[in-house]
Amino acid sequence: MKLFSVSLPLIKENDPLLRILIEQIKREGESLKEGDVIVIAEKVIATSQGRVRILSDVKNISDKAKDLANKYDMDERYVELILEESSMILGGLTHVILAKVNDFLIANAGIDQSNAGPNKVILLPENLNQVVWEYWRDLKKEFKIKNLGLIIADSRVQPLRKGTIGIAIATAGFEPIEDLRGHPDLFNRPLEITMRAIADDLTSAAQFLLSEADQQTPVVIIRGSNIEFTENPQLTTEMPPEECLYMNIFSKYLLKKKEDSIDKI
């Protein structure tokens, strides 16, 4: 499997990102080939959509935003935007709030201050699933290929682990999950729960080349990944909270901790 990055000029609000990307791939003497997977950082997509907010323009601050900002030592304007973008707030720590957005959990609702400019933040892209399939169709047509995968990428932290890894927040053109349940292991014992996060694995590999600093390489092409291409994926990367190992155990842990503290009073 080979990976290589694609440099882009500085993307500004409302720039035609897809056209810029196509021109840049051709300018670098490259072309998308059969079986490629292209990984695009969500931030450049959001910027091209005009999803940039000026903090000083956020005027109406709710009481909830003020309370959370005070609790977690954050800018109340920033917190107000987090609340507006989230469907649920699960809690937080100093300088960070864990929120549920688009059926996944993400720090600060995915609102990023890095590379946004002074007094600005960048929200997550709008209509992720629609955008990823539109880009997929246009790139297939432009480069005249049948099999292509496309990932919109972000980063996340994992429980009890330092640092960030890649996460695919939207995919198109391939099966993002490989279901290995029922497959035999080396000793012919059928696997019971194993499902490989193909899209997230590819995104994490691309993270080595995706730039979150000043290198301006927000696109990575992965070649030779040997995945299952399809226009009708059967599985999605999301799962309901009731089926999530961490959500279930952490909720029980916190409930027990609360009950123990009440018993000590």
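Which residues have the most contacts inside the largest nonpolar core? Before I answer, please keep in mind that this is a predicted model, in which local features need pLDDT of at least 70 and side-chain atom pairs count only at pLDDT 80 or more, while totals for chains, interfaces and linings use all residues. Residues are numbered from 1 along each chain as its sequence is written, and side-chain values use heavy atoms, with hydrogens and water left out.

The residues in question are L32, I38, I40, L139, L150 and I152, and the core they belong to has 55 residues. By a nonpolar core I mean a set of buried Ala, Val, Leu, Ile, Met, Phe, Trp, Tyr and Cys residues joined through side-chain atoms within 4.5 Å, where buried is under 20% relative accessible area, exposed is over 50% and partly exposed is in between, with a 1.4 Å probe and protein chains only. Helix α5 gives this core its largest share, 8 residues; helices here are DSSP runs of H or I with at least four residues, and strands are runs of E with at least two, numbered from the N terminus. Apart from this core lies another, of 15 residues, with I151, A153, L202 and I227 among them.

Let me turn to α5 and its partner. Helix α1, residues 17–27, packs against α5, residues 128–143, at an angle of about 35°, and their axes are 11 Å apart; the axes are lines fitted to C-alpha atoms over the stretch in contact, and angles run from 0 to 180 degrees between N-to-C directions. On the α1 side, L17, L18, R19, I22, I25 and K26 meet Y135, D138, L139, E142 and F143 of α5, contact being heavy atoms within 4.5 Å. Within α1, the buried residues are L17, L18, I20, L21, I22, Q24 and I25, and their cover includes β1 (2–6), β2 (36–41), α2 (42–48), α5 and β12 (219–223). After α1 comes G29, with a positive phi near 75°.

Leaving aside neighbours within four places in sequence, D200 is in contact with R156, G166, I167 and A168.
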